[in-house]
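Please read them with the structure open.

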Amino acid sequence: MVRLPHPVRLRRRGARRRHCGTEITSRTGARRRLPRVISLRRPAALAVAVAAALAGLGLADPGTASAERPAAGRATVNDKHVIAISVDGLNPRALKRLGRTGTPNLHRIIKDEGAGTVDARTQLEMTVTLPNHTSMVTGRRIKASKGGHGVTWNDDKVTKTVQQAAGREVGSVFTGVHEAGGTTAVYATKSKFWLFERSWPKAVDKNVIEVERNGAVVKALLADLGTAPASFSFLHLGKPDQVGHHAGWMSAKYLRAVAKMDKLIGRVMAQVEATPSLRDNTVIVLTADHGGIPGTRNHTTRTHRDNYRVPFAFWGAGVTHAELYALNPDRAKPGRARPGFGAAPQPIRNGEVANASLDILGVDPLPDSLWNSAQDLDWK
Ligand SMILES: [Zn+2]
């Protein structure tokens, strides 16, 4: 009798097939879907799916199935789900100003239920969007000559890949999950986020870019959580940054934008809690790319505390309710400071998202990554 090689992984493979196809949304909001080309884009997935079907009939050729497994030495993704959420331009001062009433869900994640802190740090070299998000998904610093990812631009006009920026191969949470047999999805509200799919086209299974449409990307995420949740989902909510540039950080409009993002995040949490298959194995990892200086419309001064202080939190299945630094004696709360690369211990940084997410999913850290490369950031 032939046994299924790994039931959990087969289920994930099935999920990936349903995930195939990349959604493209133009600036005008018109949407089209690329044709599903499973045999071209996901040859391994198809082969494993066929092997799984044959195995179910007792007809599997074990040699065929094992040939499609991840390379020896790589961990195989477990059955958990990670939803990484980045709230663009979220200055933790907003949580204090709005309080529990104004931001109940961010409070649940960061303070009331999850393992969180409002004293994490951005990247040292820059406090702008795309470089910091690239650090979140690669676990690398920015400066290419020091092993960083090299993404120093912050617009959608540069069409380079991360590999071209770095001058070498650069892995990401997407490639890590993918090589371990899992699935990935990106939901983002700025067109510059095409960088991820452009850089790791085989590892980003689904890419939803809805420019300045935060509700729309959350809706897409919720739909996928209901049908075929990815192992790793990355949600970017851009409205606080957008409003901050227009009306100023901590302005009434900015605070309203943060409160609105809180409601959207609450919808994600509610769906996780209401879905039995998600409730017991989903973790939200929340952070921000940078803050912004109150009363100004910018966040580019990397040495300003209002720019470099961000939240970092875990919430969900298996997460201990604690202050995140209390759970992590090998990280040091930085007070008002901006510790450098040589500081020991290091503060918790937004660039820890990639290796922390891989850790939750049972996958090895990314080769040559820097932040949380020992996967020693604890959430329980
Ligand atoms: Zn900005």
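1. Basis. The model is predicted: local features need pLDDT of at least 70 and side-chain atom pairs count only at pLDDT 80 or more, while totals for chains, interfaces and linings use all residues. Residues are numbered from 1 along each chain as its sequence is written.

2. The sheet. Eight strands form an open sheet with mixed pairing, in the order β6-β5-β7-β3-β8-β9-β4-β10. Its edge strands, each pairing on one side only, are β6 (206-209) and β10 (322-323). Helix α11 packs on this sheet and touches β5 (184-188), β6 and β7, and its direction makes about 160 degrees with that of β5. Helices (H or I, at least four residues) and strands (E, at least two) are DSSP runs, numbered from the N terminus. Strands pair if DSSP finds at least two bridges between them. Axes are lines fitted to C-alpha atoms, for helices over the stretch in contact, and angles run from 0 to 180 degrees between N-to-C directions.

3. Strand β8 (residues 282-287). Six of its six residues are buried, so the strand is largely enclosed by the rest of the structure. Buried means that 20 or more other C-beta atoms, placed from the backbone, lie within 10 Å of the residue's own. T282, I284 and L286 point one way, and V283, V285 and T287 the other. β8 pairs with β3 in the parallel sense over six bridges, and S86 has T287 as its bridge partner. With β9 (residues 309-316) the pairing is antiparallel, over five bridges; here I284 stands opposite W315.

4. The core. The largest nonpolar core has 88 residues, of which I85, V177, V186, Y187, L235, V285 and A313 touch the most other members. Such a core is a set of buried Ala, Val, Leu, Ile, Met, Phe, Trp, Tyr and Cys residues joined through C-beta atoms within 7 Å. Helix α13 (residues 252-274) gives the most to this core, with nine residues. Beyond its neighbours within four places in sequence, V177 is in contact (C-beta atoms, placed from the backbone, within 7 Å) with residues including V77, F232, L358 and V363.

5. Helix α12 (residues 239-247). Which of its residues are buried? They are K239, P240, D241, V243 and G244. What covers them includes β3 (81-87), α7 (129-138), α11 (214-227), β7 (232-237) and α13. Just after α12, G248 takes a positive phi of about 100 degrees.

Note on methods: A residue is buried if 20 or more other C-beta atoms lie within 10 Å of its own, exposed if 12 or fewer, and partly exposed in between; C-beta atoms are placed from the backbone. Two residues are in contact if their C-beta atoms, placed from the backbone, lie within 7 Å.
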